[in-house]
Each structure stands twice: as C-alpha cells, then as structure tokens.
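Here is a friendly briefing to read alongside the structure.

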Amino acid sequence: IALLSGVDLQCYENNHAHRTEEMDMEQLLVRRGQPFSVVLQCTDHIPRLPDHQLNLILHLGKNNEVVLKVSDSEQDHGKWWFSQRNAQGEVMLTLHSPADAPVGLYSMTVVLLSADGQLLEQTKSQTFYLLFNPWCKDDSVYLPSEELLQEYILNENGILYQGSWDDITTVPWNFGQFEKDVVDICFEVLDNSPAALKNSEMDIANRGSPVYVSRTITAMVNANDDRGVVSGRWDGEYSDGVAPTRWTGSVPILRRWSEGGGQRVRYGQCWVFTGVACTVLRCLGIPTRCITNYSSAHNTDANISVDYLFNDQLENVSEGRKDSIWNYHCWVESWMKRDDLPEGFDGWQVLDPTPLERSDGVFCCGPCPVHAVKEGEVGLKYDTPFVFSEVNADLIFWIVHPDGERIQVSQNSKVIGRNISTKSVYGDFREDITANYKHPEGSMKEREVYKKAGRQVGQKNKDPGQLELFIKHAPAIHGTDFDVIIEVYNSGREDTDAQLTVTSNAITYNSIHRGECQRKTTSLTVQAHKAHEEVLRLQYDHYGACVSEHHMIRVTVMNCSINTSTVSLALVLLSMTDICSTFQIIGKAIVSHKLTAHISFTNPLPVSLQGGVFTVEGAGLTEAIEIKTHGKIEPGQAVTVKFSFKPTRAGLRKLLVDFDSDRLRDVKGEATVIVRTKMQNRNAVPEI
C-alpha cells in the first residue's frame with residue numbers, strides 16, 4: 001500500500017511570505033536564504049517514522065543536470081537542509097536554502113527510505129522557482145530598506161527620462177515583472193545565453209552570483225550576438241517591426257520573444273533595452289532602477305574626448321565611426337555586493353544593455369561600480385573606462401579647412417554627463433544622482449580623479465575673442481513655429497564685422513543626422529560692448545517633413561570675425577514637446593469587474609493625420625490591446641475611443657496609452673487607478 005499520497009506546496013502561504021504572491025498563486029516561487037514549508041500527505045497506514053527515513057532530492061536545470069540531496073541536519077553549513085514535524089496523517093517539511101544558492105527552476109522529490117536505506121517510495125516530482133532575496137542579510141543583493149525594495153523590486157510601473165538636459169521629459173513604462181508567465185520568460189532568457197547553451201552545468205553553478213546573472217542579462221536583452229530579446233535600430237526604418245517609440249512596456253516584448261521561439265523582437269533603442277532589463281532583473285530579485293544620463297558621450301576611440309568636426313559651411317565632416325553626444329542615454333543600476341573586487345565597491349552597479357561597444361567580445365556592459373566611476377578607478381571590472389567616458393568626456397569643436405588643416409575652436413569639460421536622473425522612491429518625480437557619478441565640476445577632487453583615471457585635465461576654453469555667442473529659444477512645441485534667438489556680444493573696444501551662419505538640423509536622440517531644416521547666413525557689424533540679436537524662425541513647414549520620431553532639432557551657429565579671422569561655434573539641442581492623450585475612467589475599479597475607459601486625443605498639427613491607432617496596457621489591469629481610429633483626423637479635431645477591461649490584481653495601478661499615426665508618432669498618456677478586491681459599502685461601520 002502506498003504510504004505517500006502527495007505533496008502540498010502551500011503556494012499561497014509560501015508566496016505570500018516570500019513576497020511573490022503578485023507573480024502567481026498556483027506556482028511555488030520562493031526566495032533563497034528564507035525557509036519555506038511544504039506538507040507531505042500520507043495515507044492512514046504510515047508506520048511510525050523512526051522506522052523510516054525521509055529524504056528530499058532536488059534537481060536543477062532544464063534537463064535535471066544538477067542533483068542536490070537535501071540534508072536533514074543543519075550541520076552542513078551553506079547547504080540545503082530540512083526539518084520535519086509530524087501531524088495527523090501529514091508531515092510538515094521546512095526547507096532551508098543557502099543564501100548563495102543558484103536561482104532557477106528546481107524540481108523536488110520526497111523519498112521514503114527504510115531504516116537500512118532501501119528506497120521504499122517516492123513522490124511525483126514537483127517544481128518551484130528560487131529567486132534572489134534582497135530581504136535576506138546573507139544574500140549578496142541584500143538591500144536594508146523596505147522603502148527602496150518597494151520601488152526597486154516590487155513596483156511594476158516606472159518613469160523613463162528623455163528630452164534634453166535643460167528640458168527633461170518623462171515616458172511612463174510598464175515593467176510588469178509580476179505579470180503572467182514573465183518569470184518563466186526571464187529564466188528562458190538565461191537558458192538561451194551562449195554560456196548556458198555551451199555548458200549548462202557550469203552556467204547553473206554560476207547562477208548564484210548576481211554579478212554573473214546581471215552581466216548575462218545585459219548581453220541577452222540585446223540581440224546582437226546571441227538569441228537575445230530586442231534588436232536595436234536607429235535609422236528610422238521600422239516597417240518590418242515595431243518602432244522603438246511605440247512600446248509602452250516590457251511584457252509584450254518578452255512575450256513576443258518567447259512565443260517566437262527566441263526570435264529577436266524588432267525594434268528597440270536605449271530606453272527599451274533599459275526597460276526590459278529592469279523587468280527581468282526585478283523579476284529575478286535583484287534591486288534595479290532605470291537611469292538617464294544627459295549629454296552622454298559615446299566615445300569610439302578611447303581618448304575620453306568627443307570630437308566634432310565641421311567645415312567652413314558648417315557641415316559635419318567627421319569620418320568613419322564618429323564620436324557623438326547622445327541627447328540622453330539610458331541604462332540600469334542594480335544593487336549587489338562585489339566580492340570579486342577590493343572593498344568599497346559594493347552597492348549600485350551600472351549595467352548597460354544597449355549594444356554600444358563589445359566587452360570581452362560581446363555586446364554587454366557592466367556590472368561597473370558607480371563608486372569606481374566617481375573615483376576614477378578605471379581598472380576595476382567591468383567596463384569602467386567606457387562608463388567613465390560617458391559621464392566625463394570633453395567636447396572639442398574643430399573647423400576643417402578645404403586644405404585639410406584642423407583648427408581647434410573650443411574644448412569644454414562641463415557639458416557631458418549632466419542631470420543624471422532616476423525616478424524617486426517617494427513618487428513620480430525625478431531624483432538627481434549626478435553626485436553619485438562625479439565630483440563637482442572644476443573641484444580639486446574632480447581634477448585628482450581625472451589624473452587617477454590617466455587622462456589629461458581638460459584645458460579651459462581658450463579666450464573666446466571679442467565676439468561671444470549665446471543661443472536662446474522659446475518653448476518648442478511640435479507642430480508649431482517657434483523662434484531661436486542668437487545673440488552675438490562684442491566684449492571689445494572696437495566695432496567688429498562678422499559673418500554669422502545658422503543651421504537647424506533634424507536629429508535623433510543619439511545624434512544621427514536626418515536632414516537640414518533651415519539655413520541662414522548674415523553679414524553683420526557688432527558695436528563695441530553691445531549685442532546683436534539674430535532671429536531664426538523654425539517653421540513646421542520646414543522641419544515637419546524631416547524631423548525624427550524623437551522630435552529633436554539641433555541648431556548650430558558659427559561666427560567668423562572678419563577683423564581677427566577668429567571662429568566661434570555654439571550649438572543647442574531642442575527637444576519638442578507633444579500634446580498628451582487624456583483619460584477618463586468610468587466607475588470603480590474592482591478585481592474581475594468590468595471597467596470602461598474613455599481616451600481622447602486632439603490633433604495638434606496643422607496637417608491631417610491618418611492611420612491613427614491607440615495601444616493600451618497596464619500591469620494588473622489589461623494586456624496590450626490596439627484600438628484603431630477611422631478616417632482622417634483633421635487639424636484641431638478631437639477623437640475619442642472607449643474600451644472595457646477587467647482588472648486582474650488589486651492595488652495602485654497605471655493604465656498606459658500610446659497614440660500613433662502617419663505624421664505624429666507615439667504620443668503617450670497615462671491614468672492611475674486604485675483597484676480593490678471587492679465592492680465596499682461606504683456606509684458600513686468598520687470592524688474593530
């Protein structure tokens with residue numbers, strides 16, 4: 001007669017205790033270093049257990065490559081062990097996992113042995129996921145702040161910062177790390193890494209290390225070398241996929257990748273790679289936040305300077321792989337100990353999943369200690385020189401004459417690495433963390449760090465000469481005409497003749513040129529100690545046809561002094577804002593009850609729009625759905641759509657919307673709702 005009838009994994013109780021109940025209630029999901037209990041169900045005929053011995057066997061890996069025998073004693077420190085308590089026809093088994101155990105999908109079998117060790121019976125194998133545990137002091141991802149963990153592990157909604165350093169814009173993002181099947185997909189991503197496919201046993205052994213796992217994720221989120229998730233593209237041609245600006249969250253991307261058998265999802269750019277990486281790392285249990293660095297240097301020749309070369313016509317003549325300054329660049333930081341480094345470099349680590357440069361032959365970056373960047377410790381792994389350059393490079397302007405002679409016009413060490421931003425843990429507002437990455441510009445400490453990093457301290461700008469350039473602009477709203485004002489100030493004692501050339505170019509957020517919008521050349525005389533103002537009106541008729549999906553324009557100004565033959569250069573990046581969609585949600589939000597949302601959008605452009613489509617998604621609210629509009633949307637016309645959905649999980653939830661059309665791409669909007677588990681009677685007296 002069978003003695004063991006089955007094992008109750010107690011998913012509800014365990015998942016609640018391990019803070020994974022949002023992921024699933026029908027699958028066991030536990031965190032390492034924290035005990036969990038299962039109940040062995042027995043028949044009435046079980047003899048007294050002193051005559052028998054219970055053992056637990058764990059298998060790990062897709063093909064059960066790793067086998068672990070669980071000890072029934074705590075003496076084997078740092079190993080799995082279990083204790084047991086007998087009850088009426090049942091035995092409660094409490095399992096204790098080491099705080100450095102490999103994360104992954106385990107299968108568990110309970111084995112009944114006779115007193116002399118003979119196998120009498122075993123239960124059917126059952127599976128559970130083991131995750132990193134930032135609540136456990138002995139785990140290398142331990143973060144001793146419940147407020148921070150609520151944000152960096154448990155928050156499924158976030159904000160990604162875009163725009164430019166002096167005009168910061170926000171994009172809401174749905175991480176959705178607890179949505180259905182996402183945890184399975186996260187481990188599927190790890191299982192498809194080149195290391196796992198080459199030697200799965202060694203890969204599994206390394207999965208106890210957040211350094212190894214996070215570095216693997218930065219390589220696997222981009223699809224450049226492997227069966228990675230997202231394919232990057234920046235040239236504006238997205239017809240064979242989804243435009244990067246269209247996405248509002250990670251879940252549709254991860255599901256598309258998994259359902260396609262590991263085929264790369266087209267297309268992403270830096271904030272998309274960052275959003276997906278944040279989802280995966282939070283899901284696995286590694287505290288993670290999204291970072292934006294403004295005026296971010298992409299230095300291709302490792303000289304820690306960004307060189308912009310212009311000819312006499314103010315055309316960019318840089319050749320080959322150009323250095324560039326990205327208006328902004330996004331990456332993630334994850335919190336972990338760095339036992340592989342000297343003391344002092346635990347804590348936040350930069351991880352950049354955007355495929356910029358190869359690291360150890362693979363497109364990945366990090367983990368790089370933020371503190372190492374600040375202190376100029378560029379010899380510490382991983383990829384510290386590259387990250388140091390992103391926030392510290394000098395910007396150098398050159399004029400290249402027709403005979404090939406290069407003249408350095410200016411060198412500036414203060415424009416790169418500005419307003420480094422992340423979402424605050426206290427709400428939907430920005431926290432500036434620039435001071436984590438660099439000492440104050442121009443300070444003695446900054447100069448010491450430069451020296452330590454093996455670079456020359458940037459020379460101060462040369463004397464600008466008599467004529468100085470300043471650029472001002474009115475608020476730049478996409479679809480309108482607006483003015484850019486160039487001021488030429490003469491600080492000398494004599495009137496000066498000059499030639500002023502102004503160009504406006506449509507660019508992408510990472511400095512790819514999409515076309516010249518307007519150009520103006522003026523001869524002028526600037527009186528001594530006076531300023532001359534020149535106005536360039538940027539007209540939608542000119543920029544509308546060539547502006548990129550990022551709605552950015554770079555205005556470049558060159559001033560040639562006729563008297564002294566000196567040249568000065570200045571540029572400004574304009575990030576144009578869009579009109580947002582508006583939301584109205586009708587009724588109270590209750591789990592599994594139908595809710596209706598009305599979304600309105602007004603065409604802000606002076607041209608009609610066609611092919612309008614709204615995409616809506618929200619963690620715990622609804623999977624991504626599309627709602628098409630019909631016919632043209634004329635200038636100034638409002639269009640309203642409505643749709644219904646049933647919330648799946650309680651709590652504070654965000655519904656995100658994207659509006660896309662032929663002439664206006666990917667305008668975002670959001671609404672926040674509080675979802676309750678059941679209808680509440682407002683007049684009811686609360687129980688005491």
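In strand S38, aspartate 660 is the bridge partner of valine 613. Please keep in mind that this is a predicted model.

**Strand S35 and its partners**

- S35 pairs with strand S38 (residues 651-660) through five bridges, and the two run antiparallel.
- Strand S36 (residues 622-628) also pairs with S35 in the antiparallel sense, again over five bridges.
- Valine 613 has a counterpart here as well: lysine 628 in S36 stands opposite valine 613.
- Three residues lie between S35 and S36, which form a hairpin. In the turn, glycine 620 has a positive phi of about 80 degrees.

**The annotated active site**

- An unreviewed UniProt entry lists Cys270, His329 and Asp352 under "active site".
- These residues span 83 residues in sequence, yet no two of their C-alpha atoms are more than 9.6 Å apart, so they gather at one spot.
- Histidine 329 sits in strand S17 (residues 324-336), and its relative accessibility of 1% makes it a buried residue.
- Aspartate 352 lies in the loop between strand S18 (347-351) and strand S19 (358-359). Aspartate 352 also counts as buried, at 1% relative accessibility.
- What distance is given for the polar contact between the side chains of aspartate 352 and histidine 329? That contact is 2.7 Å.
- Setting aside neighbours within four places in sequence, histidine 329 is in contact with Cys270, Ile291, Thr292, Asn293, Ser296, Asp352, Thr354, Leu356 and Glu390.
- With residues up to four places away in sequence left out, aspartate 352 touches Thr218, His329, Cys330, Trp331, Cys364, Cys365 and Glu390.
- Glu390 is among the contacts of histidine 329 and also among those of aspartate 352.

**The chain as a whole**

- The protein chain has 13 helices and 39 strands.
- Its C-alpha trace spans about 110 × 60 × 50 Å along the principal axes.
- Of the 688 residues in the protein chain, 56% are buried.
- When contacts between residues at least 6 apart in sequence are considered, 67% join residues at least 24 apart.
- The protein chain exposes about 30100 Å², and carbon and sulfur atoms supply 48% of that area.

**A three-stranded sheet**

- Strands S33, S34 and S37 form an open sheet in the order S33-S34-S37, with antiparallel pairing.
- The edge strands are S33 (582-586) and S37 (638-645), each of which pairs on one side only.
- From one strand to the next, the twist averages 20 degrees.
- S33 and S34 (residues 595-602) run antiparallel and are joined by five bridges. Phenylalanine 583 has isoleucine 599 in S34 as its bridge partner.

**Backbone details to look at**

- Most residues other than glycine have a negative phi, and most peptide bonds are trans.
- Tyrosine 267 is part of strand S14 (residues 265-268).
- Tyrosine 382 lies in the loop between helix H9 (370-374) and helix H10 (384-392).
- You can find glutamine 10 in the loop between strand S1 (4-8) and helix H1 (11-17), and it counts as buried at 15% relative accessibility.
- Is aspartate 181 buried or partly exposed? With a relative accessible area of 39%, aspartate 181 is partly exposed.

Notes. Residues numbered from 1 in each chain as written. Predicted model: local features only at pLDDT ≥ 70, side-chain atom pairs only at ≥ 80, totals over all residues. Heavy atoms only, no water. Pairing = 2+ DSSP bridges. Helix = DSSP H or I, 4+ residues; strand = E, 2+ residues; numbered from the N terminus. UniProt positions renumbered as here; feature names shortened; annotations may be inferred. Buried < 20%, exposed > 50% of the residue type's maximum accessible area, 1.4 Å probe, protein only. Contact = heavy atoms within 4.5 Å. Polar contact = N/O pair within 3.5 Å; in protein donor to acceptor, adjacent residues only side chain to side chain. Areas by Shrake-Rupley, 256 points an atom, 1.4 Å probe, with all protein chains shown as cover. Axes fitted to C-alpha atoms, helices over the stretch in contact; angles between N-to-C directions.
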